[in-house]
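This report is meant for a reader who is meeting the structure for the first time. Please keep the sequence and the 3D view at hand while reading.

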Amino acid sequence: MSLVLDSASFVLFVIGGAFIFTGGLGVLRMPDLYTRMHPAGITDTTGTILVLAGCLLQADLGLVTVKLAAILVFLLLTAPTAAYALANAARLAGVVPLRAAPRREDAAR
Amino acid sequence: MTTVFGIFLLTLLLVTAIGIVRAKDLFVAVMLSGIYSLQIAAVFFILDAADVALTEAAVGAGVAAVLMLGALALVTREERPATGPRRLALAVVALTALLVVYATFDQPRLGDPGAPVHQHVAPWYLAETARLIDVPNVVTAILASFRGYDTLGELFVIFTAGIGVMFVLAVPRDARNGEEPSIDSAGLRHHLIPRVVGRLLVPFIVLFGLYVQFHGDYGPGGGFQAGALIATGLILHALIEGERAALRVVHRNVLLGLIAGGALLYTGVGIAGMLLGGRFLDYSVLRADPVAGQHLGILLVELGVGMTVTGVLLTIFHAFAARASVR
Amino acid sequence: MYYVASIAILVTMALALARALLGPTGYDRVLAVNMFGTKTVLLLSVIALLYGRADFLDLALAYALINFIGVLAVLKFVQQHALRHFKTNKEA
Amino acid sequence: MIEVFGLFNYWVFAALLMTGLYTVIAKTNLVKKMIGLAMFQSAVFLLYITMDKVEGGTAPILRNDVPGQIYSNPLPQVLILTAIVVGIATLALGLSIVVRIHEAYGTIEEDEAAKMDRE
Amino acid sequence: MSGLTHLPILAVVVPLLTAPLVALLRDRTLAWIAAVAASLCTLAVAITLVGALESVEYLAYPLGSWPAPYGIELRVDAFSALLLLIVTGASSAGLLIARDSLVGEVGSERQHLYLTAWLLAVAGLAGIVVSGDAFNIFVFLEVSSLATYVLIAGGPRRPALTAVFNYLIMGTIGATFYLIGVGLIYMMTGTLNLADMEQRISGVTELKPILVAGGFITIGLALKAAIFPLHAWLPGAYTHAPHAATVFIAACSTKVALYVLLRFDFFIFQGNLPDHEAQFRVFALPLAVVAMLVASALAIFERRNLKRMLAYSSIAHVGYIVFGAALATQTGLTAGILHMFNHALAKGTLFLAAASIGLGGAAVTFERLAGAGRRMPITTAAFVVGGLGLIGIPGTAGFVGKWYLVVGAAELGPAGVLMVVPLLVSSVLAVLYVWRAIEVAYFGSPDSARSSAPAVRAEAPLPMLAVLIVAAAANLWFGFLPSMPLTLAERAAEVLLTEPDQHK
């Protein structure tokens with residue numbers, strides 16, 4: 001049983017780690033704010049869920065599970081909210097998405 | 001392996017520090033110092049200092065960042081190219097660094113169990129806490145009882161800061177230089193989703209703060225961390241609902257009451273020890289059973305710390321925020 | 001096994017830091033700060049389990065909450081600042 | 001190798017101390033000075049916390065389920081908890097004074113304010 | 001357990017407990033009464049402590065009843081008692097005049113906050129001097145520093161803000177340096193209790209960290225004490241603080257930092273660092289001499305603001321104290337410590353007089369001083385007494401300290417006799433600047449077009465005048481009968497010079 005759990009969380013950790021890394025790479029490499037929000041919002045959150053799920057499998061049932069679940073729920077609630085608020089604020093402040101502005105220097109203003 | 005993690009994080013920390021110094025936009029510097037706090041807190045966690053990590057995160061990444069933003073909202077955001085005494089700075093800094101590095105060569109290495117600090121006073125705490133105070137968290141035991149007098153001083157440091165900020169910012173704003181247009185601090189009115197989520201979170205944060213307050217004997221936490229968390233929760237409330245609404249929930253006088261009440265509670269517990277035949281801050285005499293007395297004393301003083309810290313941090317936040325709003 | 005996840009998280013932290021330092025807009029930095037915060041939460045959770053001290057998950061929870069508040073505060077500041085510039089420009 | 005690792009924390013402490021002190025002395029912007037001051041103080045936190053670590057130890061929250069557990073030193077942690085509070089207190093007071101300086105002088109650059117004082 | 005046992009802690013608890021109560025009192029008069037009562041109570045505690053110390057070497061007070069190196073211990077000996085006397089005396093004098101003096105400087109709606117900060121400063125300074133624990137000293141150093149920043153920030157003109165910001169930066173750097181030093185000592189000894197540290201430090205063989213710690217602590221506290229090249233914060237802070245607060249701060253804050261400095265250098269380091277006394281002498285003596293000469297000269301060249309002139313004179317007098325300590329002999333240390341007391345008396349009197357002259361929140365410029373001798377004869381007479389004390393004229397308290405300094409220097413042989421020269425030169429410089437102030441006060445005619453001072457005879461209100469007269473009388477009293485502070489200073493010097501193994 002424990003072997004099954006261990007290998008399951010190992011798989012979750014590896015996939016989650018890969019997602020997280022991809023997300024980080026995307027945030028660094030994507031060309032403008034809105035495209036960067038994509039890896040930060042989706043890929044990264046997937047990775048977070050997977051890693052925390054891996055942790056959940058390892059933890060004994062009890063307060064620890066509750067805490068991990070609470071962290072998961074909080075992250076799931078706050079990450080999209082923050083992303084939404086960020087995009088909204090940026091759009092209102094006049095940051096133009098890339099396709100409307102051919103050069104990044106313009107988009108930055 | 002965790003040592004390597006630590007070294008990696010410390011390297012990131014250095015990069016961040018240099019980024020902070022070089023940033024021309026003060027707003028960027030503040031955000032980077034938020035990251036800086038998270039990093040140093042993670043390093044503390046790796047170095048086994050769970051309580052300190054919790055505090056540093058709550059204070060550095062939470063309260064300090066909010067305060068600096070509050071101050072930045074009142075002053076200019078751009079830094080003028082510096083013309084300070086660079087040569088002098090470099091000389092002073094180089095001298096200090098040489099001194100410090102010179103000292104390192106005779107210092108015990110990281111994690112060396114034979115280091116003097118692990119030989120003399122600390123083992124006594126680890127060995128005797130279970131018998132004398134009987135709480136698992138030795139940090140709490142030392143903080144609230146063995147070195148409770150330091151914590152009393154700490155409480156009064158933050159108390160002084162609260163009084164000081166109140167005093168300094170109590171002056172009516174001078175109209176001469178008020179060329180910036182006034183801003184209504186109405187909160188994040190236009191953002192429906194953050195408001196809903198925020199409202200949902202506020203009670204949980206306060207609840208979690210209370211958990212940290214009263215669970216501090218068993219896990220990382222205690223009055224200061226709890227105070228910082230509760231204050232951040234209420235600051236969140238103020239951020240999404242606006243200053244005025246927040247002040248309606250917790251009035252200024254309530255805050256002053258919290259500040260003074262916490263300070264009086266801590267000092268009062270100390271004096272009770274004196275009146276009951278012990279020394280100042282002697283909790284053993286509070287109850288017939290010394291250990292139960294210690295528990296009661298720790299509970300009360302931690303409560304005092306939590307009250308004052310919550311009150312002071314909120315007062316400071318409101319003092320800054322009120323200055324930005326319409327006058 | 002925890003190391004795999006930790007290393008991925010640490011590397012991502014470095015990447016997010018790079019974005020925070022590069023900018024170019026304030027919003028990019030906010031994004032990076034937020035990402036850095038969530039990565040710290042994950043790192044703490046993983047290390048807490050790695051150390052076998054699951055009771056320290058409190059810290060991760062606290063970080064998650066504080067991180068969110070930080071991001072909201074920053075957003076509010078940016079919003080106020082944009083508003084102020086907007087008004088100043090209009091008056092000028 | 002272990003020699004280098006064992007002192008790395010202290011060197012980072014020295015480097016942060018330098019960075020913070022440099023910011024405080026060389027920058028004229030008052031907010032930047034406060035940020036530098038906070039960094040300077042946090043470097044000291046690192047010094048203290050580094051000395052609390054014991055090889056193979058864990059955080060000093062006693063647990064009865066693991067016999068013979070080694071714990072890290074709790075005392076520096078207590079001291080740094082206090083020092084963090086001192087840091088935030090100083091920061092808050094300093095920032096409030098900066099705000100007042102900005103209102104009174106219309107600038108937060110030290111040399112400009114000093115020039116106005118001399119006039 | 002007699003009532004006497006709790007005395008050391010009472011010196012801290014009384015102001016500490018009153019401070020939050022004062023914050024809650026909105027009424028200006030009530031707040032002031034409470035603050036004065038607390039300050040006078042603390043003064044009474046200090047006097048009782050001095051009496052109690054006649055029979056014992058020191059009083060120890062383990063907080064929370066925890067045994068010494070594990071819990072925090074207060075330890076009051078003659079040195080701490082003398083400092084406590086200075087702190088509480090200066091605070092009481094300042095507070096007694098605060099009610100009249102703060103009008104026009106600090107708005108009445110925030111005076112209760114100001115008085116709270118004042119009590120916190122008293123508690124912080126008292127906490128430092130009674131403490132026997134290195135880290136505890138840091139905590140109370142910060143309480144007192146933050147409170148002092150608030151006291152200075154209350155100044156009515158905007159330079160107060162830049163002055164206090166400078167002080168905040170320098171003070172925090174100083175305190176952090178101290179913290180680094182304590183950390184390094186803790187790293188090598190494992191203890192924070194001063195007495196325990198003194199014992200254990202002699203067993204440390206790796207000297208580099210201890211040496212560096214010595215450097216950090218000395219520089220950090222020198223910043224706080226405004227020892228000469230690190231004094232930049234002081235003139236602005238003293239000049240722009242509200243007058244009543246200047247009386248308090250100028251009389252004791254630098255002295256408390258010097259107290260800690262001497263504690264560490266003579267108590268902790270001398271037992272371990274080889275030739276530490278010689279090092280200290282080589283390091284401190286030139287600084288002291290330069291401070292005495294340069295700061296006195298700066299005082300002469302300050303021609304606008306009386307308080308700034310007195311502030312430069314304070315830097316010079318810090319130099320005198322360091323000079324005495326740097327001799328590292330029984331006489332030298334006695335002289336230095338005695339001079340702490342005497343200088344506090346003289347400077348306190350002078351700033352009290354300045355507060356009367358600048359009543360109503362005016363800056364104490366020489367223009368305002370002009371003609372004060374005719375308008376306010378009693379105040380000016382007290383000013384003269386304080387000024388004579390500053391110079392060191394026989395019959396004033398200031399003379400006794402300077403006399404011992406000369407004797408202490410001369411004891412060192414021919415080189416020491418040479419050291420007497422800067423002492424005398426500095427005193428001559430003091431004659432010049434004090435004389436100029438007196439001349440302006442008596443013979444200067446107020447330029448009525450530019451001066452806001454009333455031309456008719458107008459002494460300060462009675463409470464201020466009474467405090468001023470008492471202070472001036474104390475200057476003379478301790479000039480003729482210096483036995484009380486002298487005994488304390490002698491015993492303090494003995495404590496500092498005793499080798500660690502000779503205790504107990």
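Which residue lies over the face of E:Trp32, and at what distance from the ring centre? In this model, which is predicted, the residue is E:Arg99, placed at 5.8 Å from the centre of the ring. A like arrangement involves two chains, for E:Arg110 lies over the face of B:Phe167, at 4.1 Å from the ring centre.

**Aromatic pairs**

A search of the whole structure finds 27 aromatic pairs over all chains. Two of them are set out in the table below, with the distance between ring centres and the angle between ring planes.

| Pair | Centre to centre | Angle between planes | Class |
|---|---|---|---|
| B:Tyr125 and B:Phe146 | 5.2 Å | 40 degrees | tilted |
| D:Phe40 and E:Phe177 | 5.9 Å | 50 degrees | tilted |

The pair in chain B ties together parts that are 21 residues apart in sequence, because B:Tyr125 belongs to helix 5 (residues 122-132) of chain B while B:Phe146 belongs to helix 6 (residues 138-146) of chain B. Both B:Tyr125 and B:Phe146 are buried. These two residues also take part in one aromatic cluster, which is formed by B:Trp124, B:Tyr125, B:Phe146, E:Trp66 and E:Tyr70.

The other pair joins two chains, since D:Phe40 lies in helix 2 (residues 30-52) of chain D and E:Phe177 lies in helix 6 of chain E. D:Phe40 is buried, with a relative accessible area of 0%, and E:Phe177 is likewise buried, with a relative accessible area of 7%.

**Two helices of chain E**

Helix 6 of chain E, which carries E:Phe177, also packs against another helix of its chain. The axes of helix 5 (residues 134-153) of chain E and helix 6 (residues 159-189) of chain E come within 10 Å and cross at roughly 175 degrees. Angles over 145 degrees count as roughly antiparallel, and the crossing therefore makes helix 5 of chain E roughly antiparallel to helix 6 of chain E. Among the residues that make the contact are E:Phe135, E:Phe138 and E:Tyr149 of helix 5 of chain E, together with E:Tyr167, E:Leu168 and E:Tyr178 of helix 6 of chain E. Sorted by class, this contact between helix 5 and helix 6 of chain E has 16 nonpolar, three polar and one charged residues.

**How the chains meet**

Of the seven pairs of chains in contact, chains B and D share the most contacts. Chain A, by comparison, does not touch chain D, and the nearest C-alpha atoms of these two chains are 15 Å apart. Nor does any contact join chain A and chain E, whose closest C-alpha atoms lie 35 Å apart.

**Two loop residues with positive phi**

Most residues other than glycine have a negative phi. Against that background, B:Asp48 has a phi near 75 degrees, a positive value in a residue other than glycine. B:Asp48 is found in the loop between helix 2 (26-46) and helix 3 (50-72) of chain B. Is B:Asp48 buried or exposed? At 2% relative accessibility, B:Asp48 counts as buried, because the cut-off for that term is under 20%.

E:Ser65 also has a positive phi, near 60 degrees, and is a residue other than glycine. E:Ser65 sits in the loop between strand 1 (58-62) and strand 2 (73-77) of chain E, and with a relative accessible area of 35% E:Ser65 is partly exposed.

Terms used:
Residues numbered from 1 in each chain as written. Chains lettered and ligands numbered in written order. Predicted model: local features only at pLDDT ≥ 70, side-chain atom pairs only at ≥ 80, totals over all residues. Heavy atoms only, no water. Axes fitted to C-alpha atoms, helices over the stretch in contact; angles between N-to-C directions. Helix = DSSP H or I, 4+ residues; strand = E, 2+ residues; numbered from the N terminus. Parallel < 35°, antiparallel > 145°, perpendicular 65-115°, else oblique. Contact = heavy atoms within 4.5 Å. Nonpolar A, V, L, I, M, F, W, Y, C, P; charged D, E, K, R; others polar. Phe/Tyr/Trp six-rings, centres within 6.5 Å; stacked < 30°, edge-to-face > 60°. Buried < 20%, exposed > 50% of the residue type's maximum accessible area, 1.4 Å probe, protein only. Lys NZ or Arg CZ within 6 Å of the ring centre and 35° of its normal.
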